[in-house]
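Please view the sequence and the structure before reading on.

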Amino acid sequence: MATPDSPLPTIDTVAIRWSEDGLAENDGIFLEQNRLKQRFSALHNNHCFVIGETGFGAGLNFLATWKLWAKTAPANAHLHFISVEKNPLTRPQLSRALSLWPSFQPYYLSLLAQYHCIQNPGFHRLSFADGNVHLTLIINDTQIALNQLFASNHPHYCRPQWQGVDAWFLDDFSQTKNPAIKNPTMWSAELLTTMANLTKPQGTLATFTAAASIQQHLRTAGFTVEKVQGVDKKKPLIRATFNPSNNEIQHAPLTAHNYSTKQPLPWPVIAHYQATKKSQRVVVLGAGLAGCHTARALADCGYKVTLIDRANTLAAGASGNAQGVVYAKLSPQRHSLGEFNVFSLRYAQDYYRQFWSQGNRYGQQCGVLQLAYNPKIAKQHQQLAAMFSHTGLLQLTSAQQASELAGLPLSNDGLYFPNSGWLHPPAVCQALVDHPSITVILATAVNAIDRQSSGWQLTGKCKATKPWEMSDIHTLVIANATDARTLPSLQWLPTQAIRGQVTLMPTCPVSRDLKTVICGKGYIAPAVDNQHCIGASFNLHDPCTDIKRRDHITNLHNVAKLLPLFEAEQIDYQELNGRVSFRCATLDYLPMAGPVPDINAFDRDYTQLRQDARTNIHRSGTYLPRLYLNIGHGSRGLCYTPLCAALIASIISGEPPPLPQSIIQALNPARFIIRDLMRNRR
Ligand SMILES: Cc1cc2nc3c(=O)[nH]c(=O)nc-3n(C[C@H](O)[C@H](O)[C@H](O)COP(=O)(O)OP(=O)(O)OC[C@H]3O[C@@H](n4cnc5c(N)ncnc54)[C@H](O)[C@@H]3O)c2cc1C
Ligand SMILES: C[S@@+](CC[C@H](N)C(=O)[O-])C[C@H]1O[C@@H](n2cnc3c(N)ncnc32)[C@H](O)[C@@H]1O
């Protein structure tokens with residue numbers, strides 16, 4: 001990195017090398033040796049170029065690449081920049097470091113605007129330039145991070161399930177006593193083999209050293225290595241090109257139990273990824289939050305999308321309430337649900353910033369207070385604060401601090417999520433589909449999906465009575481919540497419909513000054529047009545669509561537990577309005593987002609699990625061709641649907657995933673079939 005004229009900031013959590021001509025040097029190494037200018041200019045519209053970097057540091061390589069991309073790539077091409085960083089700079093540190101580079105100003109201001117809560121380990125997906133430039137920042141050690149980009153952690157499937165990396169920048173180095181000295185010995189043979197397995201044929205790699213050991217490891221991993229002169233003509237560098245025929249990874253033969261992991265199977269893997277061409281139309285069924293986010297993510301990716309719903313308006317199901325809270329129940333335990341909650345909350349908060357920045361039209365980023373209404377929750381909050389408060393995601397608040405934030409007296413301590421808030425889901429849905437590549441068909445109920453040689457066929461009724469069909473659908477995404485299991489090939493889906501009623505209540509003196517969202521068992525958000533939309537009752541096995549006084553009472557008593565001065569008994573229940581809809585819940589509370597398994601093939605291929613749940617079955621899952629699900633968002637649709645939509649779009653397009661492989665597996669709809677086989681329940 002270059003040294004600017006002004007004094008350097010003190011950046012002590014990370015080793016950053018500052019040198020006079022560092023910036024030009026980095027351009028000379030990474031951009032030039034990977035021939036990015038020529039390769040960017042040669043791209044076509046909607047093509048995607050993937051860069052992998054080790055060592056994000058202050059993001060200068062990313063900004064330099066983005067700047068070059070903006071000058072040379074076609075307007076509708078997509079840049080994916082995946083970067084790994086073990087010790088991320090804090091936002092103030094990054095701000096101080098980057099403010100010294102005026103030539104990057106518009107770029108770094110955009111980066112800073114999204115650089116929130118980055119200290120959380122894991123995947124962080126940031127999008128820029130109207131969704132044409134994506135940065136996937138993975139906070140972890142390089143080896144661990146890159147392993148998460150494979151299709152499975154099974155040794156037979158250490159290939160990405162996406163198109164792979166076009167160009168690598170190797171720019172991480174271990175800290176020595178003198179941070180100016182880079183220690184290149186850290187790139188082990190294992191790490192370079194991992195990179196090779198993530199690289200496209202003829203993908204390239206550049207780094208700042210020409211150490212013999214690195215050259216040797218690269219050759220072994222399948223790269224053709226060239227030693228070239230750096231910009232200063234003094235230091236030799238490595239430029240390498242991946243030639244897959246050189247890369248014959250020898251897997252050890254798989255014997256029962258020689259592969260030890262909690263998930264003994266490679267079951268979620270689709271053997272060969274096959275991206276849907278950008279010229280193919282994608283159809284999405286269901287125009288709630290899940291369907292609208294999916295349609296938008298696909299349109300942003302370059303697809304033409306048709307979105308179908310049986311209702312006369314968008315967001316007619318669970319997504320139709322006047323206010324919904326962007327929140328997730330975080331867990332101090334390390335499990336897939338807890339991890340997914342953190343990733344999806346971070347992603348949703350960033351995603352919705354574009355809505356929140358437009359006044360109160362779509363909602364308010366007013367902060368969310370989760371109050372500790374019993375000692376068990378108070379203890380969990382303490383644990384969560386210890387885990388996350390340094391990341392900026394949340395803060396532990398005393399009852400007094402919470403009262404100041406909320407503008408009302410509160411008697412419980414709690415957790416405060418400063419970057420969250422509430423939204424008007426129907427307005428969000430409308431804005432999402434407001435895109436030239438999205439066609440919306442309403443008043444059309446789909447009753448059946450059939451596979452034909454030319455693609456999927458949908459049949460149903462238009463305007464309740466008129467027979468309707470659509471054929472030759474290349475790729476289909478089912479996002480119609482609990483109704484998915486009414487479709488013939490999806491009757492096995494283990495989802496549950498859970499009735500919920502919101503209460504629409506005029507403001508009262510106690511609630512009028514509310515400044516943040518408050519959640520406990522229920523929730524209340526600042527009023528809009530003098531009305532609150534209070535949520536939400538939770539009734540299993542109750543298909544009734546009528547508004548019930550009983551549920552208003554539940555909702556208002558839950559609010560009374562949060563706001564001490566609120567007197568639920570004083571409310572005139574006759575005057576209240578409400579709305580009933582149904583959540584689509586799964587047994588493990590995680591959504592189902594991924595390919596649709598061929599249930600007969602799963603039953604046949606994994607039948608041995610009925611006898612021995614730990615048997616290693618070396619076989620990839622069989623899925624119905626180009627059919628995907630995005631359902632099961634339970635009580636968290638606002639939070640979960642943006643990230644699940646990004647995941648589905650990445651699977652369909654073959655572009656890099658926004659989530660680690662472990663979470664992609666945890667969201668895979670096939671998990672329920674496998675679990676049932678393991679318990680011998682099928
Ligand atoms: C009372 C209540 C309060 C809630 N509060 C919150 C909250 O504060 N925060 C939060 O994050 N989440 C909340 N949720 C959950 C959230 O609303 C859901 O998770 C989310 O709306 C799910 O979106 P979806 O698109 O999957 O389903 P839906 O919004 O139900 O959309 C499914 C769509 O599919 C259509 N459809 C169904 N079958 C067919 C067919 N055969 N043909 C054509 N179209 C079809 C339906 O018309 C519907 O539009 C709440 C839920 C309820 C019930
Ligand atoms: C030279 S800096 C990267 C500069 C950066 N590419 C830029 O353009 O600003 C090297 C970075 O590698 C990171 N790093 C070192 N070892 C690492 C490891 N094992 N895994 C991930 N990151 C690592 C350091 O924290 C440091 O931020």
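## Ligand 1

In this predicted model, a backbone N or O atom of Arg310 lies 3.0 Å from a nitrogen atom of ligand 1. A backbone N or O atom of Ala290 is 2.9 Å from an oxygen atom of ligand 1, and a polar side-chain atom of Tyr523 is 2.8 Å from a nitrogen atom of this ligand. On its own, ligand 1 exposes 1000 Å², of which the protein buries 95%. Such polar contacts are pairs of N or O atoms within 3.5 Å, and accessible areas come from the Shrake-Rupley method with a 1.4 Å probe, where for residues only the protein chains shown count as cover.

There are 37 residues around ligand 1, and Asp309, Ser319, Val325, Val446 and Tyr523 come nearest. A residue is near a molecule if one of its heavy atoms lies within 4 Å of it. The shell consists of 17 nonpolar, 15 polar and five charged residues. In this count Ala, Val, Leu, Ile, Met, Phe, Trp, Tyr, Cys and Pro are nonpolar, Asp, Glu, Lys and Arg are charged, and the others, Gly among them, are polar. Elements that each supply at least two residues of this shell include α9 (289-301), β18 (444-452) and α17 (637-653). Helices (H or I, at least four residues) and strands (E, at least two) are DSSP runs, numbered from the N terminus.

## Ligand 2

Around ligand 2 there are 21 residues, of which Gly55, Asn61, Glu85, Asp141 and Asp171 come nearest. The shell is made up of eight nonpolar, seven polar and six charged residues.

A side-chain N or O atom of Glu85 is 2.5 Å from an oxygen atom of ligand 2. A nitrogen atom of ligand 2 lies 2.8 Å from a side-chain N or O atom of Asp141, and a polar side-chain atom of Thr142 is 2.9 Å from a nitrogen atom of the ligand. Of the 600 Å² of accessible area that ligand 2 has on its own, the protein covers 94%.

## Positive phi angles

Most residues other than glycine have a negative phi. Asn46, in the loop between α2 (36-41) and β1 (48-54), has a positive phi near 70 degrees. Asn46 is partly exposed, at 23% relative accessible area; buried means under 20%, exposed over 50%, and partly exposed in between (1.4 Å probe, protein chains only).

Asp529 also has a positive phi, near 45 degrees. Asp529 lies in the loop between β24 (523-524) and β25 (531-534) and is exposed, at 73% relative accessibility.

## Salt bridges

The structure holds 18 salt bridges, each a side-chain nitrogen of Lys or Arg within 4 Å of a carboxyl oxygen of Asp or Glu. One of them joins Asp141 and Lys86, with N to O at 3.6 Å. These two residues are 55 apart in distant parts of the chain, both in loops. Asp141 is partly exposed at 28%, and Lys86 is exposed at 53%.

Asp350 and Arg353 form another salt bridge, with their closest N and O atoms 3.0 Å apart; both residues are buried.

## Numbering and limits

Residues are numbered from 1 along each chain as its sequence is written, and chains are lettered from A and ligands numbered from 1 in the order in which they are written. In this predicted model local features need pLDDT of at least 70, side-chain atom pairs count only at pLDDT 80 or more, and totals for chains, interfaces and linings use all residues, while side-chain values use heavy atoms, with hydrogens and water left out.

How values were computed. A polar contact is a pair of N or O atoms within 3.5 Å; within protein, one must be able to donate a hydrogen and the other to accept it, and residues adjacent in sequence count only if both atoms are side-chain atoms.
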